[in-house]
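Have the sequence and the 3D view ready, and follow along residue by residue.

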Amino acid sequence: MILLVGLGNPGKGYAGNRHNFGYMAVDEIIRRHSFMPERVRFQGLVAEGNIGGTKVFALKPTTFMNLSGQSVGEAARFYKIPIDNIIVLHDELDLPLGKVRVKTGGGHGGNNGVRSIIDHIGADFCRVRLGVGHPGEKHLVSGHVLKDFAKAEMPVVETIIDSVARHIDLIVSGDTSGFMNKIALDTAPAKKDRADR
């Protein structure tokens, strides 16, 4: 079994925030893979489904970002899911918008949701890092991640969400490099027509 976690803040006021990129991606995974309806459990919303023959629990903690680990820890203990079967999707300041990276273990990179999860279950879980770009100055970070994506950014955001949802089966099966290759293909700039050269 896999625990698939999307990080964000609950409530309509936060729905379009850069900090809610993880929520957005998990919502699309739930929709695309026809998961069961979400239920309120483990201080979050949980939907059960199947991806590539593997049972997956999709969790969106509703604790607010900096307490996400409480929800993740509770769900992991209840389902007896080991840390290496936990996949966390979250916004990443150190990557520009349009870039996605996957890694296992490491630090929190300034993301308070990831920090909280590390505090509760340890660091050796898989992270799908969804780039939102850095505002340039540390004191601007909070305002940056708690602002909605700009209208001009939405086509890129939607491409990333769609691509992640379509290829998440590769991460579930352990093929992270295959996942990265598919994302790279989906997000590559369209090649110009020969007539344009």
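## The largest pocket

Helix α4, residues 141–145, supplies the largest share of the largest pocket's lining: three residues. Keep in mind as you look around that this is a predicted model.

In total, 14 residues line this pocket. If you want to find its centre, look for H19, G110, N112, S142 and V145, which lie nearest to it. The space inside comes to about 240 Å³. Sort the lining by class and you get eight polar residues, five nonpolar ones and one charged one.

Now for the nonpolar parts. The largest nonpolar core is made up of 36 residues, and F21, I87, L89, V164 and F179 have the most contacts inside it. Helix α5 (residues 154–172) gives the most to this core, nine residues. Another core, of 18 residues, lies apart from it, and A75, A76, I81 and I117 are among its members.

Let's zoom in on L89. Setting aside neighbours within four places in sequence, L89 is in contact with L4, V5, G6, L7, G22, A25, V26, I29, V128 and V164.

## A closer look at N20

Where does N20 sit? You'll find N20 in the loop between β1 (2–6) and α1 (21–32). Is N20 buried or exposed? Its relative accessibility is 2%, and buried means under 20%, so N20 counts as buried.

The side chain of N20 reaches the backbone oxygen of Y14 at 3.3 Å. Leaving out neighbours within four places in sequence, N20 is in contact with L7, G8, N9, Y14 and A15.

Conventions. Residues numbered from 1 in each chain as written. Predicted model: local features only at pLDDT ≥ 70, side-chain atom pairs only at ≥ 80, totals over all residues. Heavy atoms only, no water. 1 Å grid on protein atoms, 1.4 Å probe; cavity = no way out; pocket = protein on both sides within 12 Å on 5 of 7 lines; lining within 4 Å. Points joined across faces, edges and corners; volume = space filled by probe spheres on them. Helix = DSSP H or I, 4+ residues; strand = E, 2+ residues; numbered from the N terminus. Nonpolar A, V, L, I, M, F, W, Y, C, P; charged D, E, K, R; others polar. Core = buried A, V, L, I, M, F, W, Y, C linked by side-chain atoms within 4.5 Å. Buried < 20%, exposed > 50% of the residue type's maximum accessible area, 1.4 Å probe, protein only. Contact = heavy atoms within 4.5 Å. Polar contact = N/O pair within 3.5 Å; in protein donor to acceptor, adjacent residues only side chain to side chain.
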